[in-house]
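Subject: Structure handover and notes

Hello,

Please find the structure below, followed by my notes on it.

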Amino acid sequence: STMCRARALELVKAKLMDARKSGSKIDSNVVKIAIMASTIESLRLKSAEEVLECFITSSRVCEDDLPLALRYPKSWSQHIILREWVDISPQCELRAFVMDGKLTALCQYYNGAFFPELSQKVNREKALSIIREFFKKVKDHIKVDPPEYSMDLAVDWEKERAYVIELNPFGRPDGMGTGTALFNNKNPQDLKVLFGERPFEFRVEEALPKEDCRLGIKGPLRNWLEEQHMMG
């Protein structure tokens, strides 16, 4: 929504200024992670008024939901679900893939960013352990038939628990439109991993991205980055 975009812009500015004050180099990776974290934080709504404003100023609602509701008034059904807010850092969000009721693959949700925490083997192993135990507990409660889906999760290393963010359709031949993040749905070998035909894999970005995300930034944020001499 336009409300959340405006909020995210101010959050990005604040995070980058804090990073500069702490002595951090403002490179492409720092900017990208600040944008990701701010996008998440901007969705935190604290009142009914904010919830309504979020819907009213949402292009998704105006361009997708309302036209469908008007076109199919007898069959269209919409549910609004309110959930207690949980702080999630970008490096804590992972995408899991499930085929035939089995966990086949896992990767960081936000590709194109390098998270030092995820690059450490001990952290990956702990995250995987938490998720495997969590999946054992919840899989029988997920009534998807056939049991094929992607599951976005947030992992809390300190509390040793995981949260389900959302489920998405997933299946043959190429994922059914759901993004496969660090797995290439055009690569037959990657698809074999996702579909459980090859051993389980947990993928993360293992080095700083070669492409500079700042080159694709436009509008008010680009103007601000240029003013602050943060464009590289």
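I start with Asn 29, which is in contact with Ala 113, Phe 114, Leu 208 and Pro 209 once its neighbours within four places in sequence are left aside. Please keep in mind that this is a predicted model. Asn 29 belongs to helix 2. With a relative accessible area of 8%, the residue falls under the 20% limit and therefore counts as buried.

Apart from neighbours within four places in sequence, Ile 88 has contacts with Ile 40, Glu 93, Ala 154 and Ile 165. From Ile 88 to Glu 63 there are 25 residues along the chain, and 28 Å separate their C-alpha atoms.

Helix 1

Helix 1 covers residues 2-21. Its 20 residues should span 28 Å at 1.5 Å a residue, and the end C-alpha atoms are 29 Å apart, so the two values agree. Which of its residues are buried? They are Met 3, Cys 4, Ala 8, Leu 9, Val 12, Lys 13, Leu 16 and Ala 19. Note that a lysine, Lys 13, is on that list. These buried residues pack against helix 2 (28-41), helix 3 (48-56) and helix 8 (219-227). Just after helix 1 comes Gly 23, with a positive phi of about 95°.

Helix 4

Helix 4 runs over residues 59-71, 13 residues in total. From first C-alpha to last it reaches 17 Å, close to the expected 18 Å. At Asp 65 the helix bends by about 30°. A proline, Pro 67, follows within four residues of that position. The N-terminal end of helix 4 is capped by Ser 58, where a side-chain oxygen lies 3.2 Å from the backbone nitrogen of Arg 60.

Aromatic residues

How many aromatic pairs does a search of the whole structure find? There are four. In one of them, Phe 97 and Phe 170 have ring centres 5.1 Å apart and planes at 55°, which makes the pair tilted, because an edge-to-face pair needs planes over 60 degrees apart. The two residues come from distant parts of the chain, 73 residues apart: Phe 97 is in strand 1 (residues 93-99), and Phe 170 is in the loop between strand 4 (161-169) and helix 7 (188-194). Phe 97 has 0% relative accessibility and so counts as buried. Phe 170, at 1%, also counts as buried.

Phe 97 pairs with Phe 183 as well; here the centres are 6.0 Å apart and the planes at 80°, so this pair is edge-to-face. Since Phe 183 sits in the loop between strand 4 and helix 7 and Phe 97 in strand 1, the pair ties together parts that are 86 residues apart in sequence. Phe 97 and Phe 183 are both buried. Ring pairs join Phe 97, Phe 170, Phe 183 and Phe 195 into a cluster.

Finally, a charge over a ring: the charged end of Arg 132 sits over Phe 200, 4.5 Å from the ring centre.

Regards

Terms used: Residues numbered from 1 in each chain as written. Predicted model: local features only at pLDDT ≥ 70, side-chain atom pairs only at ≥ 80, totals over all residues. Heavy atoms only, no water. Expected span 1.5 Å × (residues − 1). Bend = angle between axes of the 7 residues up to and from the residue. Polar contact = N/O pair within 3.5 Å; in protein donor to acceptor, adjacent residues only side chain to side chain. Buried < 20%, exposed > 50% of the residue type's maximum accessible area, 1.4 Å probe, protein only. Contact = heavy atoms within 4.5 Å. Phe/Tyr/Trp six-rings, centres within 6.5 Å; stacked < 30°, edge-to-face > 60°. Lys NZ or Arg CZ within 6 Å of the ring centre and 35° of its normal.
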